[in-house]
Amino acid sequence: MQFDYALLSNEGEFTIFRYGDSVIRFKAPYSLEKYTAIKEWDKGYLVVMAKYKHNKESEEEYIDLIPILEKLYITPEEFLRPIKGVKIENA
């Protein structure tokens with residue numbers, strides 16, 4: 001069953017973006033503890049709140065999935081089209 005939302009999380013030094021059967025991992029900032037909120041989803045561009053070790057409060061962070069997908073030879077338009085939103089997946 002295909003859902004209309006994707007999941008964002010982190011594990012160790014990687015950010016993880018899950019949608020359907022696809023799991024995309026990419027390098028996260030070294031001090032990232034966790035993602036705390038999704039502020040905006042715009043067809044591959046994410047504005048998120050992230051908690052880092054060096055700061056007590058969450059900070060605004062930006063993730064652009066389009067160049068990541070292109071480097072993986074995934075057509076961004078096809079992959080991203082059905083995704084209506086992104087949720088935080090807590091480990």
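Reader: What makes strand β5 (residues 45-52) count as mostly covered?

Author: Seven of the eight residues in β5 are buried, where buried means under 20% relative accessible area, exposed means over 50%, and partly exposed lies in between, with a 1.4 Å probe and protein chains only. The strand itself is a DSSP run of E with at least two residues, helices being H or I runs of at least four, and both are numbered from the N terminus. This is a predicted model, in which local features need pLDDT of at least 70 and side-chain atom pairs count only at pLDDT 80 or more, while totals for chains, interfaces and linings use all residues. Residues are numbered from 1 along each chain as its sequence is written, and side-chain values use heavy atoms, with hydrogens and water left out.

Reader: How do you know that β4 and β5 pair?

Author: Two strands pair if DSSP finds at least two bridges between them, and β4 and β5 have eight bridges in the antiparallel sense, so by that definition they are paired. Within this pairing, K34 has K51 in β5 as its bridge partner. The two strands form a hairpin with two residues between them, and K43 in the turn has a positive phi of about 50°. On β5 there is also an antiparallel pairing with strand β6 (residues 59-64), through six bridges, in which Y45 stands opposite D64.

Reader: Why is N10 called buried?

Author: N10, in strand β1 (residues 5-11), is called buried because its relative accessibility is 16%, which falls under the 20% cut-off. The bridge partner of N10 in β2 is T15, and T15 is also among the residues in contact with N10, as are I16 and Y35, once neighbours within four places in sequence are set aside; contact here means heavy atoms within 4.5 Å.
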